[in-house]
Amino acid sequence: MAEEVKVFRSWASPFPLRVIWALRLKGVKFDVICEDLFNKSPLLLQYNPVEKKVPVLVHNGKAICESLVILEYIEETWKQSPLLPEDPYQKANARFWAKFSDDKVFQSIKWDVLLKEGKEQEEGILASLQNLRYLEEELRGKKFFGGEAIGLADLALGWLAYYINIFEEVVGLKLVDQERFPSLVAWMQEFANAPFVHGSWPDRDKLAEKFVAMREASLGKETHK
C-alpha cells in the first residue's frame with residue numbers, strides 16, 4: 001500500500017516551504033493542500049486543532065505540526081539524504097541554528113523591521129544586523145551550515161534566500177549585502193540554486209503586495225492606539 005503524505009500550506013508562509021524542501025530533498029512523493037488562512041478548512045482544523053495553522057504534515061493519517069518538529073519527523077522516518085549529521089555536537093549545533101532562525105532572525109526582521117517605524121524600527125534594524133552577523137560568522141569558510149551538504153539549519157534559514165529581498169524592498173533599506181555579509185550572500189545563492197528549491201517560491205509581486213498591506217495595517221493600528 002502506497003504511503004499517504006500530505007502537506008498543508010498557505011501560499012505566502014515560508015514555514016511550510018521547509019517541509020516541502022525536506023520531502024523533495026529526500027525524494028518523498030507528497031500532495032500539497034493550499035489553505036486559505038482566513039477561511040480554514042475543516043481538515044486543517046481537524047489535523048491541527050490546537051494551533052489551527054500551517055504547516056501540517058499528514059503521514060498515513062497521522063498529523064504532525066510545527067515546521068521544525070516536522071523536519072525532525074521527516075529525518076527519522078525517511079533515512080535517505082540525511083538532514084542531520086551523526087556527531088552529537090554537530091547535530092545539536094544544527095538544531096541551535098534552526099531555532100535561532102525562528103526565535104531571532106525571522107522575529108527581528110519581520111516584526112521589528114517590516115512592521116515597525118521610527119525608533120522601534122531602528123532598534124529592530126540593529127538587532128537584525130547583529131543576528132545576521134552571527135549567521136555570517138557561522139558560515140565563514142563553509143558552503144552550507146553543516147559543511148558541504150544542505151541540512152536542517154539550511155532548510156530552516158532557507159527563507160532568507162528569497163524573502164529577505166522582498167522585506168528590504170517593502171521597507172526601503174538594505175540589510176544583506178556582499179560587502180558586509182559575503183558568506184551569507186554566497187550561501188543564499190547556493191541554497192536558491194539547489195534543484196529541490198526550484199519552482200517552490202511564491203509569486204514575488206503578490207508577496208510584496210501582501211507585505212506592504214501588512215506593514216500599512218500594522219503602522220495604522222499603532223498610530224491609532
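From which domains does the lining of the largest pocket draw at least three residues each? Domain 1 (5–77) and domain 2 (88–217) each give at least three, with bounds taken from an automatic or database domain assignment. This is a predicted model, in which local features need pLDDT of at least 70 and side-chain atom pairs count only at pLDDT 80 or more, whereas totals for chains, interfaces and linings use all residues. Residues are numbered from 1 along each chain as its sequence is written, and side-chain values use heavy atoms, with hydrogens and water left out.

The largest pocket holds about 790 Å³ of space, and among its 30 lining residues S10, S13, F15, L37 and K110 are the closest to its centre. A pocket here is an open set of points on a 1 Å grid over the protein atoms alone, where a 1.4 Å probe fits, with protein on both sides within 12 Å along at least five of seven lines, and lining residues have an atom within 4 Å of a point. Helix 4 (88–114) gives the largest share of this lining, five residues; helices are DSSP runs of H or I with at least four residues, and strands are runs of E with at least two.

Strand 1 (residues 5–9) is joined by four bridges to strand 2 (residues 31–34), running parallel, and by four bridges to strand 3 (residues 56–59), running antiparallel, where strands pair if DSSP finds at least two bridges between them. K6 has D31 as its bridge partner in strand 2, while F8 stands opposite V56 in strand 3.

How values were computed: Grid points are joined across faces, edges and corners, and a volume is the space filled by probe spheres set on the points.
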